[in-house]
Amino acid sequence: MTGIRLAGGGPVIPNFGHGNACLVDNHWFCTSWARNHWGDILQPALVQHIELTLVAVGIGFGISFVLALCGFRYRLVDAPLASCTDFLYMIPSIAAFELLVPVTGLTVTTIEIPLVAYTLFILYRNIVVGLNGVSTEVLESARGMGLTRLQIFLRVELPLAAPAILAGLRIATVSTISIATVGAFLIHDGLGAPIFDALDQPDIFRTELLAAGGLTILLALTADALLALVQRAVTPWSRLR
Amino acid sequence: MTVASTFVDAFRFMGDNRSLLLHTAAGLSELAFAALGIALVVALPLALWLGHKHRGLFLALGVSTLGRALPSIALIGLFIAWLGVGFWNVAVVLVVLAVPPILANGYFAVEGVDRDVVEAARGMGLTEAQILLRVELPLGLPLILAGVRIAAIFVIATATIAAVAGLGGGLGDIIVNQASYGEAGVLAGALWVAAIALLTGLVVGLAQRAASRRMAPRA
């Protein structure tokens, strides 16, 4: 371990010396540890991680939606907006977190800003593609039925764009859950916290690493599955084919 | 200390420590591009073949979701706990992270080529290998390169984080070591990493644009 951590909670020292052979030998997974520390380490970290993700994806979706509406209505700004989101996506997460520390300090905001920025790349593009994907024939017939511009948007374009938008939301959510772990390098928060605690142990505390890493993957896959169900629910027509 | 002066200090650090930054930037690039190269060699032929055969949709989708879900830092820790700290041990992790976007994009790039075009090529007597290399590959190149770009950005970001788990020799060393290099050093390192990632993304992005312009139907 060469690095020195800027901030973080107290290291979680496993119960060495109490004769638990599994922990003393640092086996790959000690079920007893996971069971004993579910309540004080794993579950709180999981809850924090869900909060981090919900805030990032929620704000990211709001910003992307407004930007995508601009890009959709005014074609001229579409390419510049897409390039901006693309530029933000290229900044490596750990660099982005560090660059924000002088501005926003060691707060959760420092983690949330890059997480929000990364979702824009996926969400902006998917929303614009979804809205642009509505065929002109459909729009013509909607106009022929006497729908106003707002009605066309809310009742025709938005529902038809929903699959693409939700596909973007799935990708953005899964990526955010995974990238959010890196933030714990600076701010002891979320499932990244136990991961970095495990790495801080002299010989890498394997049980904690696997438990927290495994929970992160499980959370990501669960979120993906839930959003897939929403995707099915809002596109009843796709099941008819 | 104001925000502006913090960044001024970072640029002063860059001026004073140019050889250190160049050296560690080279270390980071070496690791990242070795991993990216291996990932390309492993994943691209498989992706092209599966796409050409229109087979393995669930593999492509599953691998890309799982690839996004993997927490890079935990994966690095896992490999180091298992194999010990080392250049190639971390390179393996980076390959694991770079394969999903290359595989998924390569698959969808070839799979999505207009079937009529492929039929026409077949009718002209092209062999399957010729169809793949001369028709499907050029037409799918923009999307393939988009995958390569995402993989490159992933790998550079993760190669930086590897320093947290103890791998030395790269720019990450400076970023994770505020005690030795101070806030100015950390910021300078972060700016350099961002510059490397942006430059790489830009180069692949330009190649991507050139490829899609070449393949755009002309009036």
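I take helices as DSSP runs of H or I of at least four residues, and strands as runs of E of at least two, numbered from the N terminus. The model I am reading is predicted.

**Chain B overall**

With that reading I went through chain B from end to end and found nine helices and zero strands, so that, taken from the N terminus on, its elements run α-α-α-α-α-α-α-α-α. I then looked up the extent of chain B along the principal axes, where its C-alpha atoms fill a box of roughly 70 × 45 × 25 Å. Burial came next, and 49% of the 219 residues of chain B count as buried. For the contacts in chain B between residues at least 6 apart in sequence, I noted that 78% join residues at least 24 apart.

**One loop residue of chain B**

I checked backbone angles and stopped at His54(B), whose phi is near 55°, a positive value in a residue other than glycine. His54(B) sits in the loop that links helix H2 (18–53) to helix H3 (57–69) of chain B. Is His54(B) buried or exposed? I take 12 or fewer C-beta neighbours as the limit for exposed, and because His54(B) has 11 of them inside 10 Å, it counts as exposed.

**Where chain A meets chain B**

I turned to the contact between the chains, which takes 37 residues from chain A and 37 residues from chain B. On the side of chain A that touches chain B, the elements giving two or more residues are helix H5 (93–104), helix H8 (149–183), helix H9 (192–200) and helix H10 (206–234) of chain A. H10(A) gives the most to this side, with nine residues. Sorted by class, the side of chain A that touches chain B holds 25 nonpolar, nine polar and three charged residues.

**H5 against H6 in chain A**

H5(A) and helix H6 (residues 108–132) of chain A pack at an angle of about 135°, and their axes are 9 Å apart. Angles over 145 degrees would count as roughly antiparallel and those of 65 to 115 as roughly perpendicular, so H5(A) and H6(A) are oblique to each other. The crossing of H5(A) past H6(A) is right-handed.

For the residues involved, I listed Ser93(A), Ala96(A), Phe97(A), Leu100(A), Val101(A) and Thr104(A) from H5(A), which meet Thr109(A), Thr110(A), Ile111(A), Ile113(A) and Pro114(A) from H6(A). By class, the residues of this contact divide into seven nonpolar, four polar and no charged.

Terms used:
Residues numbered from 1 in each chain as written. Chains lettered and ligands numbered in written order. Predicted model: local features only at pLDDT ≥ 70, side-chain atom pairs only at ≥ 80, totals over all residues. Contact = placed C-beta atoms within 7 Å. Nonpolar A, V, L, I, M, F, W, Y, C, P; charged D, E, K, R; others polar. Buried ≥ 20, exposed ≤ 12 C-beta atoms within 10 Å, placed from the backbone. Axes fitted to C-alpha atoms, helices over the stretch in contact; angles between N-to-C directions. Parallel < 35°, antiparallel > 145°, perpendicular 65-115°, else oblique. Left-handed = near helix turned anticlockwise from the far one by under 90°.
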